[in-house]
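I have put my notes below as numbered points, to be read beside the model.

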Amino acid sequence: MPFDCKHIRNFSIVAHIDHGKSTLADRLLENTGTVEKRQLKTQMLDDMELERQRGITIKARAVRMEYRHNGELYELNLIDTPGHVDFHYEVSRSLACCEGAVLLVDAFQGVEAQTVANAYAAINEDLEIVPVINKVDLVHARVDEVLLEMEQSLAIEPEEVIRASAKTGIGIDDLLAAIIDRIPPPQGDPEKALQALIFDSHYDSYRGVITYVRIIDGTVTKGQKIRFLKTGVTHEVLDLGQFVPQRRSCDQLAAGQVGYLVCNIKDVEHVHIGDTLSVPGKDGAAAVAGYKPPQRMVYCGLYPSEGENFEELRESLERLAINDPSFEFQPESSEALGFGFRCGFLGLLHMEIIQQRLEQEADLDLVQTAPNVTYQLLLKNGETLEIRNPQDVPDTGQIEEFRQPIVRCNFLVPVEFIGPVMQLCSDRRGVFLKTEYLSPTRAMLSFDLPLGEVIYDLHDKIKSVTRGYGTLDYELQGYFPADLARLDILVGGKKVDALSIICDRRDADRRGRAIVKKLRGEIDRHMFEVALQAAIGTKIIARETISALRKNVTAKCYGGDISRKKKLWAKQKEGKKRMKSIGSVDIPQKAFMAVLETGAERQ
Amino acid sequence: MNSRIRHAYVHVPFCRHRCGYCDFTLVAGRDDLFENYFTALGVELKRLNQPIKLDTLYLGGGTPTHLGPDGVKRLFSEFHDALQPLPTAEVTIEANPLDVSESMIEAFHECGINRVSLGVQSLNSVTLKKLDRDHRESDVRQVMNLLGKSGLTVSVDLIIAAPGQTLDLVARDVEEIISLCAHHVSVYCLTWEVGTAFWGKRARGTLTPVVEDLEREMFELVIDQLSDAGYKQYEVSNFAQPAMTCRHNEAYWDCRAWEAFGPGAARFDGRNRTTNLRSVSVWIKKLLNNQSVTGDVDTMTAEGAARERLVLGLRRRCGVDRPAFFQASGFEVDDLAEKSIQEWVAAGFAEDDGRCIRLTRSGMLLSDSLWSAVL
């Protein structure tokens, strides 16, 4: 059934994590009759079990609903957005497909860092904001205060805010009405040349790449030839349709609509989020503005525990990359860890997700090095280098300028924690920008901070100094010169390349001391003394010693003891297998993260 | 299979009280279970296809002497013909000093027991108290005197590195043991086992283990004292006057087959080690209901068994003799551990004369750190 633009609404829900986005999506699906209540498993949009059962993967990132309002039938497309800062770019592409955004704020938690970041992202895309305060039925709800916070931080009129409870269904029909009344219909012409924005994709083992699109102008039909503007490649549309929420084929998608295309593409790398689709030839439309290649901000080394698993690791990484083109990897080698890969991620969360999937899907024992950000080096000979691995930093003599990424951080904190957060940020060499009071109890602090400091431990630290109430969000500002140096770690006199870090020269003593101290706790005693040293160049700046084992022998080993003792020894052997030997020192894998985990000792 | 078994162990799981460091299979203050224990043991012994002629028989616990003289006799009557010590057999019983009396020694003689392993632990009242023992140092002196006249071979268990113990206290304990003329001494550094009262007290900070450096010093001191007095260290924890080694324990370390009876007891058929259920009451109940009491089974490959033989052999001071090892296991030592042995020799942890490999003292003191390379 073709819908004209006037009867289509495309929207996203933006919120801070845990403010009830998934529950609200469920309620919308239920109230529009898209999914019947008895079929509705909680958190439909997040639930992958259904897909697993069928052996396919649907990222249900776009759901089509129908809703009758004032006697007329409307098509509502809910486009999901990733909530986390790592995926800012993907968020902006999803929002570019919408005319409106439902801004969801928890009536107890109030406005938080990602609320602000995501709301601004939506405002920047010129979207109509439909503000909702969720969980109003909670005993501890502080509705009036949160309304004030929304007004102060985002200039939202309190009377525009819909009071709702996604859990119990309060206000859901009001919200559906507001979506239709307030969000403008898409402006598109089905007769014009095809212009469609790709906002997501995933790999299906039966059908190849499934491309998620918003049709801006024109119409796409089955069998039609389409062109991917960035790569210039032309493909035939084999199938198309919408998610309701499972995939449902249809004959055409026209201007204003959201859906999927299947084009017999075997490699997800050929489909770029943010790219534009049009028709081949000179009549094709122009690209939608704003395409950016994914920007990896965080790198770490991944090594197989067992050297012989290198090829297996490569295959696993390739499989993961099929579904996630924003993740990249390149072979590298380390004296300490052997052969492995340097992997690039959008951010720390992205890194964790990839790691988890690797562990779940590949069943490989991995050694991960501490993550680092990318640095820029201007050499004396005028050359610029991008540094993804501390090992690649050349001699100090060759370096003209060492630059690091700086991010603008917004912290949303209860006012009583302003002091500790200020202190924390200045310790981390942050540059204070401003404080805004959102309500008598909450404030927003802005700082420019080195990204390296943020990924080091800032997130955990903020949580701990604000007792869990503080949140932060950040955005890259660019690369700026700083007084940086490579700090090396020596174990038993041998440099362990995988433990090198880049840090501010003024922090080197403190970081060095903290790392060797941490390592001392991570490395078991050996049958000989083990020296741990931190050095910049040839200068040793910190030292710890692990004293030799003096006595380690089972006293009783009679008939009944032998099996038990053997199990114990076998366990030690297993533990040893998962360690890396540098010289004759066994270093547990956890130790390679020691450079990150020193946060606890920092203050 | 039975025909080649020459060794048997019987576990007597009763004690007057449980010491704070002990995690053995035993019940304290449950003398009411004696009768059922005897009956159940009878059932377990009847499961043997044929009687075993024994080179060694070892009654361990728990405290076998807690059964009393009549109880010990009753125990032996349960053996009937199933366990038949040969005339030259070594028959050992573990004893608490408080239980050893004239009538107990008479019972030993009557049963054919010729070796007593006495749980002395210390001869210092403070250490004994710290260790939660129920006997006093004067009991030990009196009992050693009685045993000295009995013609029985006497072995003494000693614990060192007890909380609060000093080097000097250890030295004095050992001196006195030597003066009491024990034929054999087993010395154990106190082991902190999960689940014991000591473990909990350590976690709460009310008991503090001796620091490792001192522990090593204590152990080395004991080795020197006993060696000087003519005791030869023939295994990590065991010292004997000439020809007084414990043949039963040597059978374990030689990987010979042995039978075992009683709760938590482990038997070995040359390849598999099976351990009985540890719970005394469950072991009794199952046997009285004619059910199996087998718990853990440790099944080894031929190579696994050979590797175990290597470890047990290296814990002995005589070390591992290459031809004998190959003869017994079918594996060449060097095929199993050549590289490790070379490393140990280079690091001063072992000596290798081309035929025999033995650990040095420092290798022995750190030996648990070596085994992961060979197991």
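1. In what order do the nine strands of the open sheet in chain B run? The order is β9-β10-β8-β7-β6-β5-β4-β1-β11, with mixed pairing. Strands here are DSSP runs of E with at least two residues, helices are runs of H or I with at least four, and both are numbered from the N terminus; two strands pair if DSSP finds at least two bridges between them. At the edges of the sheet stand β9 (232–235) and β11 (259–261) of chain B, each with a single partner strand, so one side of each is left without a neighbour in the sheet. From one strand to the next the twist averages 20°.

2. A word on the ground rules. This is a predicted model, in which local features need pLDDT of at least 70 and side-chain atom pairs count only at pLDDT 80 or more, while totals for chains, interfaces and linings use all residues. Residues are numbered from 1 along each chain as its sequence is written, chains are lettered from A and ligands numbered from 1 in the order in which they are written, and side-chain values use heavy atoms, with hydrogens and water left out.

3. Within the chain B sheet, have a look at strand β6 (residues 115–121) and strand β7 (residues 153–160) of chain B, which pair in the parallel sense over five bridges. B:Gln121 stands opposite B:Leu158 in β7(B). Helix α8 (residues 212–228) of chain B lies across β7, β8 (184–189), β9 and β10 (238–240) of chain B. This helix runs at about 170° to β8(B); axes are lines fitted to C-alpha atoms, for helices over the stretch in contact, and angles run from 0 to 180 degrees between N-to-C directions.

4. For chain B as a whole, the secondary structure comes to 15 helices and 17 strands. Of its 375 residues, 58% are buried, where buried means under 20% relative accessible area, exposed over 50% and partly exposed in between (1.4 Å probe, protein chains only). Among the contacts in chain B with a separation of 6 or more, 70% come from residues 24 or more positions apart; contact means heavy atoms within 4.5 Å.

5. Where chain B meets chain A, 40 residues of chain B are in contact with 25 residues of chain A. The area buried between the two chains is about 3000 Å², and carbon and sulfur atoms give 52% of this; buried area is the accessible area (1.4 Å probe) that two parts lose on being put together, summed over both. On the chain B side, B:Glu212, B:Asp368 and B:Leu375 lose the most area to chain A, together 21% of what that side buries. Seven salt bridges are counted between chain B and chain A, a salt bridge being a side-chain nitrogen of Lys or Arg within 4 Å of a carboxyl oxygen of Asp or Glu. B:Glu308 and A:Lys566 meet in a salt bridge at 2.5 Å, N to O.

6. In chain A, strand β8 (residues 208–217) deserves a look: ten of its ten residues are buried, so this strand is largely enclosed by the rest of the structure. Strand β7 (residues 195–204) of chain A pairs with β8(A) in the antiparallel sense over nine bridges, and a hairpin of three residues joins the two. A:Leu197 has A:Arg214 of β8(A) as its bridge partner. Strand β15 (residues 258–262) of chain A is also joined to β8(A), antiparallel, by five bridges, with A:Val213 partnered by A:Gly259.

7. Helix α4 (residues 113–124) of chain A is mostly covered, with nine of its twelve residues buried, including A:Val116 and A:Asn118. Just after α4(A), A:Asp126 takes a positive phi of about 65°.

8. Finally, the salt bridges: 67 are found over all chains. A:Arg64 and A:Glu75 meet at 3.0 Å, N to O, linking strand β2 (residues 62–69) to strand β3 (residues 72–79) of chain A. A:Arg64 is buried at a relative accessible area of 7%, and A:Glu75 is buried at 0%. In chain B, B:Arg16 and B:Asp134 meet at 3.5 Å, N to O, and these two are 118 residues apart. A:Arg429, A:Asp504, A:Arg506, A:Asp507 and A:Arg510 are linked in a network of salt bridges.
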